[in-house]
Structures are given as structure tokens and as C-alpha cells.
Amino acid sequence: MKSKQKNSRRFFLKNTMGALAAFTIVPRHVLGGQGYLAPSDTLTKAIVGVGGMGRGHIPYAGTKVVAVCDVDTRHIQLALDAMGGGKGVKTFRDYRELITLPEVDIVHVATPPHWHGIIASDAARAGKDIWCEKPMTRTIGEGKRLVEAVQQYGRIFRLNTWFRFEDNFYGMNTTVKPIKKLVESGMLGWPLKVTVSKHTGFDWKFYWVGKTHLEPEAIPAELDYEMWLGPAPYKPYNAHRVHTTFRGYWDYDGGGLGDMGQHYIDPVQYFLGKDDTSPVSVEIDAPQQHDDAVGTWRKITYTYADGCQIILDGAGTEEKAAYIEGPKGKVYKGFKCDIPDFERKLAAFPDPEPQVTDFIDAVKNRKKFALNEANGHRSCTIVNMGKIALQLGRSLKFDPVKQEFIDDEGANRLLNPPLRAPWFI
């Protein structure tokens, strides 16, 4: 199988690059290099996966949809309807055809997570910039290889969670910027403990659980189920596996942790200054998980080498928990702090370093986006560490440099689970 996958990789890359070379028109930013596009130019994009989340990618300002792809023909029609009929928009069932289009600048990846790493890496190899849904990848190994592909081919990548740079950060009733400023000021002391729970303003969506006894059903005519599964192990079709409820199955995502984890955890990595590292341990308090269907958990605790912790309180047991707790102060839901007159004191400190938060500008001027392949992989790694610990039913030690578990062969096998042929990343 390994040889077959390598052959598939060579075949795909040979044919994809050959198709690109055959065209005389290539993406404008490739032709002109940095600064070529005029600020008024509209970037073109293609969306892979136009279910409910994917159709939300249609109206982003400064871009124009020129192609869409989905394995469900109903989704394609809904996307075209959302664009007033989609005149001139090309449609595909196989993303490998879409990424060869010379007129596409950006590929949006809005599929279930088991496809994210493969499609985004292939898009990078095809010379496209990438806007990818969260979680960035389903596994840590896929994340590492996606980082390599994006950087090797010089692409601009953004992950689709906004909270490290804009929008109110859930129950904190503020953007992350003042939280980052408070942490950097040192007013809370060090190390810090961050508790993410419904009591601190972050609701874990435990309705994303799987069913343990799925009866095989007839595959709908409009769905290419074989392509929907792609690299995932073959399982008989059942409607609960696909589309809006796929998050409840380990083969495709990770329940509430997979759905909301990167939204909640990525800003924590940012304001703790941990974008280039990972926790050294993950401890779990959870029922035994089913091997197929995702269940719930009571608590997941991550610890960094310097003693900082992120606690995911799924059971909501700590009703009076602070969102951030340090030796010198605490911050609660609504950005309330127990340090007297903290807002006035905070005003005297410098703001955090500015970030590149306009993806269109990042693409046009070849600037690394604020939430990119490297720091996105690190925050996604936290999600995937928790998933592996839950699946195995035990706590784990992690080496953030090697990005592998320490003295645990079973856990390390889940870093790079085999992909179903002929898929690769």
C-alpha cells in the first residue's frame, strides 16, 4: 500500500503540474511577484466544500468566486443559488481538477477536517494561496506536512478563526488584544492558568457526539460517498456520518473539542506567547471513548514546560473559576479583573505588536497572515493532543520540539494514522 500511495503521489503531482504548465495564464500574484496586484484588483477564489460552512465563504470582501467543488450536487446547486445563479462559476466534484485552474488565486477549504490537510497541501503544490476552515488538520502529522508544503511552495495561508485578532472573544466581552496586553504587562504574574468552560464564557458543544450503532443506509444519488470518505477508513453509509453531524466520529473530526477547540484555544496560545511551542503533557478525566463515535469528557488539562496550564472544563464543575489566574491577579468572564483599578494601570503599558489581519492584503503583498500555517498548526496540535488522549483513555507526555509523545508507542501511532489508498499528504 505504501508503494501504491507513493505512485499515486507521483502520478497526481506529475499530472497536476503538467496541467498547470499547459496553461498560458497563471494566477496574477505568481506572474508579478510581490506588489504586482493593484490594490483595487479583486482576487479570485475557488471553494472546496460548499455545505453550510462553505457557503459562508462566498461573500468575503475583495474576492470573487470563480469555481466551487462538492461531492454533493445539492450543495453545488445551493451555492450557485446563493450567488444569484452563479453565472460563469465552474463546478466540480473532484477538487484535483479545480486546483489546476489558472484563474484561481485562492482555494478555500471548507470540507470536513479529514480532508483539510490533503486538499490544502495539494493546493499549495498547485501554486494557490489557502483559506482553511478549523480545525486546521485532523492529525498532528498532517499538520506538520501541511506546514512544510505551504512554506516550501511560498504560499499565503490563513486559518478561519478570527478571535486572536478581531471580534469579541466569546464570554470575555472584548477582543483578545487587551487580554494579550494584560498578560504581557506582567500584572497577573507567572505562570498562568486558563480555564475554558461555560462558566468562563466558552460553551463546549457536547451535542456533537456520535451514535454507536449505525445501521447501513442507501447512499443518496446526489452524494459521491466514496469521495466524501476519501482518506478515511471505509464505513457503510449512514446519514449521521456525513454533512452536519460528521463531527461526532473520530474518523472525520473530534466532537465538541474538534468543533470549538481551535476557536477557544488559539487565542490562548497567542496571549500566553506560546505560538512556537506546545504543552508537555495532557491529562484527561473522561469516560472511556467508543472507537468510532466521539463522546464527552469532564476535564482536559494541558501543562507547558514553564508551568502555565490550559484547563478545558467540560463538566463545568468549577462554577467560580477565573478565566485567567496568576499569582498576582485573576481575570473573570466579561474581562473583569480583581486587580484594583486595573484598566488605568493597564493603559500605561504598550499595546501588543501589530498583526497582519487583512488576508487580501497579505495575499497581494505576500505577507504572512496573523493566523497562519505555523501558529495554526501549534494551536491545532493542542486539540489533537486532547483527542488522542481521549481515544486512548490515558494521560500523555509530549515533546514539543520533536512533536511526538514520550515513551508511548500507541499514542505516536495516532500522530500519523494511515490514509486509505490512494490518498496521501
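**Close-up views of a predicted model**

**View 1. Trp 228 touches residues from several parts of the sequence, among them Val 71, Pro 112, His 114, Trp 115, Leu 223, Arg 241, Val 242, His 243, Phe 246 and Tyr 252, not counting residues up to four places away.** Contact here means heavy atoms within 4.5 Å. This is a predicted model, in which local features need pLDDT of at least 70 and side-chain atom pairs count only at pLDDT 80 or more, while totals for chains, interfaces and linings use all residues. Residues are numbered from 1 along each chain as its sequence is written, and side-chain values use heavy atoms, with hydrogens and water left out.

**View 2. The largest nonpolar core has 59 residues.** A nonpolar core is a set of buried Ala, Val, Leu, Ile, Met, Phe, Trp, Tyr and Cys residues joined through side-chain atoms within 4.5 Å. Buried means under 20% relative accessible area, exposed over 50%, and partly exposed in between (1.4 Å probe, protein chains only). Tyr 95, Leu 98, Ile 130, Phe 157 and Trp 228 have the most contacts inside this core. Helix H6 (residues 116–125) supplies the largest share, five residues. Apart from this core lies another, of 53 residues, which includes Leu 192, Ile 300, Cys 308 and Phe 405. In soluble globular proteins, nonpolar side chains tend to be buried together.

**View 3. His 263 sits in helix H10 (residues 255–272).** Helices (H or I, at least four residues) and strands (E, at least two) are DSSP runs, numbered from the N terminus. With a relative accessible area of 11%, His 263 is buried. Its side chain makes a polar contact with the side chain of Thr 161, at 2.6 Å. A polar contact is a pair of N or O atoms within 3.5 Å; within protein, one must be able to donate a hydrogen and the other to accept it, and residues adjacent in sequence count only if both atoms are side-chain atoms. Leaving aside residues up to four places away in sequence, His 263 touches Lys 134, Asn 160, Thr 161, Phe 163, Phe 169 and Tyr 170.

**View 4. Helix H8 (residues 176–185) is largely enclosed by the rest of the structure, because seven of its ten residues are buried.** The buried residues are Val 176, Ile 179, Lys 180, Lys 181, Leu 182, Val 183 and Ser 185. Their cover includes H10, strand E11 (324–326), strand E12 (329–332) and helix H11 (342–346). After H8 comes Gly 186, with a positive phi near 85 degrees.

**View 5. Asn 372 is found in the loop between helix H12 (359–365) and helix H13 (373–392).** Asn 372 counts as buried, at 6% relative accessibility. Not counting residues up to four places away in sequence, Asn 372 touches Phe 157 and His 377.

View 6. A disulfide is a covalent bond between the sulfur atoms of two cysteines. Here it is taken as a pair of cysteine sulfur atoms within 2.5 Å, and by this rule the count comes to zero disulfides. Cys 132 is in no disulfide, and the nearest cysteine sulfur is that of Cys 380. Cys 132 is buried at 0% relative accessibility, and Cys 380 is buried at 1% relative accessible area.
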